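Please look over the sequence and the structure shown here before reading the notes on them.

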Amino acid sequence: MNKKLSLLSFSFLLLTSLCFAGANPVRFTMPEGLKADDYLSKTVILRVDPNYRNNCTVEGINIASIQAIMSNLGSTEIHKIFPNHQPPASLRNEYGFLYADLSLIYELKYTADADLVKVINSLLQTGIFLYGEPKYLPRVTFTPNDPLMTANQQFLTRINAYDGWDVSKGDTNVIVGITDTGTDWDHPDLAPNLQLNYSDPINGIDDDNDGFVDNFRGWDLGENDNDPMVGSCFSCLHGSHVSGCAAGATDNGIGIAAAGFNSRFLPVKIADASGALTKAYEGITYAADHGCQIINCSWGGGGGGSFGQNVIDYATINKNSLVIAAAGNNSSNALFYPAAYNYILSVAATNSTNDNKASFSNYGSYVDVCAPGNNIYATVADDTYTSMSGTSMASPITAGVAAIVKSYFPSYSGLQVGEQVRITADNIYSLPQNSLYANGLGTGRINLLNALTISSPSIRMNPINTTDNVDNIFQANDTLYITG
């Protein structure tokens, strides 16, 4: 059973007692299969135990043992990743879920020629940190295709969008956060649905006091400025395409239609000048803090630590957002993050003309739903269009559907919106090719009409704990006890 969500659809609610808390590990071990370019070198993410809160400042930790380690690491820099965040005022939300605390998470950089794993473990051995880990470096998840291969949007019929739009075309009050490589904010098929921050016009002043000056059109976290326009590198075009998949202007007489129809989108650029996604999880936090009910993540990788889960917890529980993530393009069932984190609505890809799993798409028990991701025609930079393939396209299409569901059921929490999309998907396991991926494609391919018209309860068990009540070394003929 998928372990990630626990909530209600419509009037049915199953409350479970759950928590996610960092534990102080004895040792950190680098996850298997990661390469050196899957994380930033000489960079550590640390979460301080709240018992040491009074020793913490924005730019340092005033504890002798930590300062001694930093001194041995040569030239160092340490700072809070979210300096404007305060600890939650209460422990749990109205459903009993634990709030996340991002106020004691630091990024440490050093210059010494020291092994990263050894540095992390030396810091953990002080007992001051709940966790320490690398700063994992995710990548966008798409495969470019010749734009002349297709010039239509068959996927809209596949997800029953036209009939769904007869029920609801969404609402401009619902915002999809696009955490990606930027967008083409003056594209004629994107500009009408761009979420603008009228509380902070471009005048050189932080009018809304959110710590970001002139973030009128979103923000570029990768280069720390107020222009989330896509860069010139080829992979940078990814963000403008994803924007169009989710929330391109629809019924405007030009270009393409998007699943989200009337929904707005907020561009949050997480890539630096080279296109590296150095601010991926910070981007999720920015989107959640700036009113995005739906947050799309068309990126990921094999590295998944406690920092990423803390951020997902914050967006989901503290800010009531639904985070949607691409399942990855490795044609593998290995865990892929952030899609495999708790609370995420993770999306695999199917073909646009049939419901077979796309050849490139990942699959596995962490997948919740599928959506078309093959030859998707949408917006790119310089006011043009092209086709791209990947779970990067399936994810924002799902985000657009989720945005309409949120507008149609405004009282739903983010998790409830995700469950409504998940539980109303069309079962596609009867197809011969998909039978090879039993229980690895979630509940099936999304269906907008179903998501707006079907009332069906959803039940999740979370967390799932398994024991043999002896040594927890599971062997043949053991009796296992599963609780949640």
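## Basis

This is a predicted model, in which local features need pLDDT of at least 70 and side-chain atom pairs count only at pLDDT 80 or more, while totals for chains, interfaces and linings use all residues. Residues are numbered from 1 along each chain as its sequence is written, and side-chain values use heavy atoms, with hydrogens and water left out.

Helices (H or I, at least four residues) and strands (E, at least two) are DSSP runs, numbered from the N terminus.

## Helix 6 and helix 7

Helix 6 (residues 280-289) packs against helix 7 (residues 306-318) at an angle of about 10°, and their axes are 9 Å apart. Axes are lines fitted to C-alpha atoms, for helices over the stretch in contact, and angles run from 0 to 180 degrees between N-to-C directions. The two helices are therefore roughly parallel (angles under 35 degrees).

In contact (heavy atoms within 4.5 Å) are Tyr-281, Ile-284, Thr-285, Ala-288 and Asp-289 of helix 6 with Phe-307, Gly-308, Val-311, Ile-312, Tyr-314 and Ala-315 of helix 7. By class, these residues are 8 nonpolar, 2 polar and 1 charged. Ala, Val, Leu, Ile, Met, Phe, Trp, Tyr, Cys and Pro count as nonpolar, Asp, Glu, Lys and Arg as charged, and the others, Gly among them, as polar.

## The cavity

A cavity is a set of points on a 1 Å grid over the protein atoms alone where a 1.4 Å probe fits but cannot get out; its lining residues have an atom within 4 Å of a point. Grid points are joined across faces, edges and corners, and a volume is the space filled by probe spheres set on the points. The model has 1 cavity of 30 Å³ or more, and the largest cavity has a volume of about 110 Å³.

Its lining has 18 residues, with Lys-135, Tyr-136, Pro-138, Tyr-281 and Phe-307 nearest the centre. Strand 1 (39-48), strand 6 (129-136), helix 6 and helix 7 each give two or more residues. Strand 6 gives the largest share, 4 residues. The lining divides into 11 nonpolar, 4 polar and 3 charged residues.

In helix 9 (residues 414-423), 9 of the 10 residues are buried (under 20% relative accessible area, with a 1.4 Å probe and protein chains only). Among them are Leu-415, Val-417 and Val-421.

Tyr-337 and Pro-338 are joined by a cis peptide bond, with omega about 15°. Pro-338 lies in the loop between strand 14 (322-326) and strand 15 (345-350). Asn-439 has a positive phi near 65° and is in the loop between helix 9 and helix 10 (448-453).

Definitions and conventions: Angles under 35 degrees count as roughly parallel, over 145 as roughly antiparallel, 65 to 115 as roughly perpendicular and the rest as oblique. On a 1 Å grid over the protein atoms alone, a cavity is a set of points where a 1.4 Å probe fits but cannot get out, and a pocket is an open set with protein on both sides within 12 Å along at least five of seven lines; lining residues have an atom within 4 Å of a point. Buried means under 20% relative accessible area, exposed over 50%, partly exposed in between (1.4 Å probe, protein chains only).
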